[in-house]
Amino acid sequence: MPRFRLLIALLPLALLQGCEPGEPPVVQLDPPAPGETLKVVTRNAATTYYLDRHEAPAGPEHDLVQAFAEANGWEVEWTLAGSTAEVLEALESDEVHLAAAGLTHLPSRDARFLQGPTHTDIVEQLVCHRERRPMPREVEELADVEIRVTADSSYAEKLESLVNTYTGIAYEEDPRTTEMLLAEVANRQIDCTLADSNIVQMVRRHFPHLEVAMNLTSGDRLGWYLPAGHRALAEMAGQWMGSAEGQQSVAAMEERYYAYIGEFDFVDLRALNRRIDERLPSFLELFLEASEETGMPADLLAALAYQESHWDPGAVSPTGVRGIMMLTRNTAKSVGVTNRLDPAAAIDGGARYLADRHDRLPDTIPEPDRTYLALASYNIGRGHLLDARELARELGKNPDSWADMREVLPLKADKRYYPQTRYGYARGYEPVHYVQRIRNYQDVIGEAVEWSPLDSD
């Protein structure tokens, strides 16, 4: 599926000008003062705002708004709307200062509200079950397709424009969220729906039978909207998003929520979802117990074990690593595991070994970077990780940042660099892919251990 990239866009000047002739002037309000509260409306979803496993707010829109608010000394008061229509109603009623809810900038919305800055480039995609036949590949083939989309959405607006151009195209609006409609497509309860590419990218891992039939737009951007009376705040938002600080915040958001999601692999994700049902229940209690003992999240331990063995307690590699956590003989001995093929002992030992890798890192490394570095250490060894951290310092990179370290680690296989390191050559590209896959698996496995950002309205 097409990747999407992040853009930084300042507010169009035309949208910051006055009212049309003959219209009553809009009363312009001052932005909140430092120490006051910025009121923001959003939607509860993995691509906007949700509560993580620690019941702390998270999500792409949350992180950007929080950074903007901190830059101006504001607290943030969040309003969770049940739908896009409710988000727009909150803006219309002037109950909030800002909408940050994965909204596509559209001419129809520009006529009602002030544009804020954009942050993510997406395309709208038609998504169907991969076994649907025939699969619509051209707009002219949509006449016989049952399409249901979220009400009052950009998708409905796009389809309405097609209805006016092509014969036989019809669609139905639904009050439920795009995520819920994608689940219905996966369960073959409806034919197809439309969704933004970033939503498809996340949800498709849980429902690998979803297939992108075609792209219906290009060049669309997600961004913020403000009520007409908040022109000064809109200008502040545009200036902040276009600043170095704003660009860093967007880059950090992309790194945290999207960068690790690789190209879609139907076979791999179908197998993972099947094994969640067939294999994980036999070991779930062991992962939960190991989590309580070590503090390592249960879904992370389960993802680590899946990466190592696909939850096969009898797994054995040609190099001699064994068991559900694929422990080496030395690693097993260091954590007191005498039988690596015993899943209870292996999961406990693997969890304690990962916790040890985590504890040995400096306390100054923030999460989630510290966990990613611990996983890399689990994979490549602590000595090679320390080499890479020292190499990062020499290259002017941040050894506490996973974004920087995933660029430096592969240099452990580069003859221009590894001869000068203490532990020498290592396949440094492996831990980069290792961490990426575990992060991806963890998102999917999260629901099975009673946590997932996709539990949205």
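Me: Which residue in β4 is the bridge partner of Val40?
Reply: That's Trp78. Keep in mind that this is a predicted model.

Me: And how do β1 and β4 pair, parallel or antiparallel?
Reply: Parallel, over seven bridges.

Me: What stands opposite Val40 in β5?
Reply: Leu98 does. β1 and β5 run parallel too, joined by two bridges.

Me: How many residues of β1 are buried?
Reply: Five of the seven, so β1 is largely enclosed by the rest of the structure. β5 is mostly covered as well, with six of its seven residues buried.

Me: OK, zoom out. What's the strand order in the sheet?
Reply: β4-β1-β5-β12-β6, an open sheet of five strands with mixed pairing.

Me: Which strands stand at the edges?
Reply: β4 (75–81) and β6 (114–122). Each has a single partner strand, so one side of each is left without a neighbour in the sheet.

Me: By how much are neighbouring strands turned against each other?
Reply: By 25° on average, ignoring direction.

Me: Where does the antiparallel part come in?
Reply: Between β5 (residues 98–104) and β12 (residues 220–226), which pair that way over three bridges. Ala99 has Tyr225 as its bridge partner in β12, and Thr104 has Leu222.

Me: Which strands does helix α2 touch?
Reply: β1 (37–43), β4, β5 and β12. Helix α2 covers residues 84–92 and packs on the sheet, with its direction at about 145° to that of β5.

Me: Switching topic: how many residues are in the largest nonpolar core?
Reply: There are 53. Those with the most contacts inside that core are Leu272, Phe287, Trp311, Ile324, Met325, Leu354 and Ile445.

Me: Which helices supply at least two residues of it?
Reply: Among them are α9 (266–278), α10 (280–294), α11 (298–309), α13 (343–359) and α17 (429–445).

Me: What is Met325 in contact with, leaving aside its neighbours within four places in sequence?
Reply: Phe287, Leu301, Leu304, Ala305, Glu308, Ala346, Ile347, Gly350, Ala351 and Tyr378.

Me: Now Thr150. Buried or exposed?
Reply: Thr150 is at 4% relative accessibility, so it counts as buried; the cut-off is under 20%. Its place is in strand β8 (residues 148–150).

Me: What lies 3.1 Å from a polar atom of its side chain?
Reply: The backbone oxygen of Arg176. Arg176 is also among the residues in contact with Thr150 beyond four places in sequence, along with Ala156, Glu173, Asp174, Thr177, Thr178 and Leu181.

Me: Last thing, confidence. What's the mean pLDDT of the chain?
Reply: It's 91, and 93% of the residues reach 70 or more.

Me: And where does pLDDT stay under 50?
Reply: Over residues 1–18, for which the model has 62 contacts beyond four places in sequence. Residues 451–457 are below 50 too, and that stretch has 29 contacts beyond near neighbours in sequence.

Me: How should predicted coordinates be read where pLDDT is low?
Reply: Not in detail.

Note on methods
Residues are numbered from 1 along each chain as its sequence is written. This is a predicted model: local features need pLDDT of at least 70, side-chain atom pairs count only at pLDDT 80 or more; totals for chains, interfaces and linings use all residues. Side-chain values use heavy atoms; hydrogens and water are left out. A nonpolar core is a set of buried Ala, Val, Leu, Ile, Met, Phe, Trp, Tyr and Cys residues joined through side-chain atoms within 4.5 Å. Buried means under 20% relative accessible area, exposed over 50%, partly exposed in between (1.4 Å probe, protein chains only). Helices (H or I, at least four residues) and strands (E, at least two) are DSSP runs, numbered from the N terminus. Contact means heavy atoms within 4.5 Å. pLDDT is the predictor's confidence in each residue, from 0 to 100. Two strands pair if DSSP finds at least two bridges between them. Axes are lines fitted to C-alpha atoms, for helices over the stretch in contact, and angles run from 0 to 180 degrees between N-to-C directions. A polar contact is a pair of N or O atoms within 3.5 Å; within protein, one must be able to donate a hydrogen and the other to accept it, and residues adjacent in sequence count only if both atoms are side-chain atoms.
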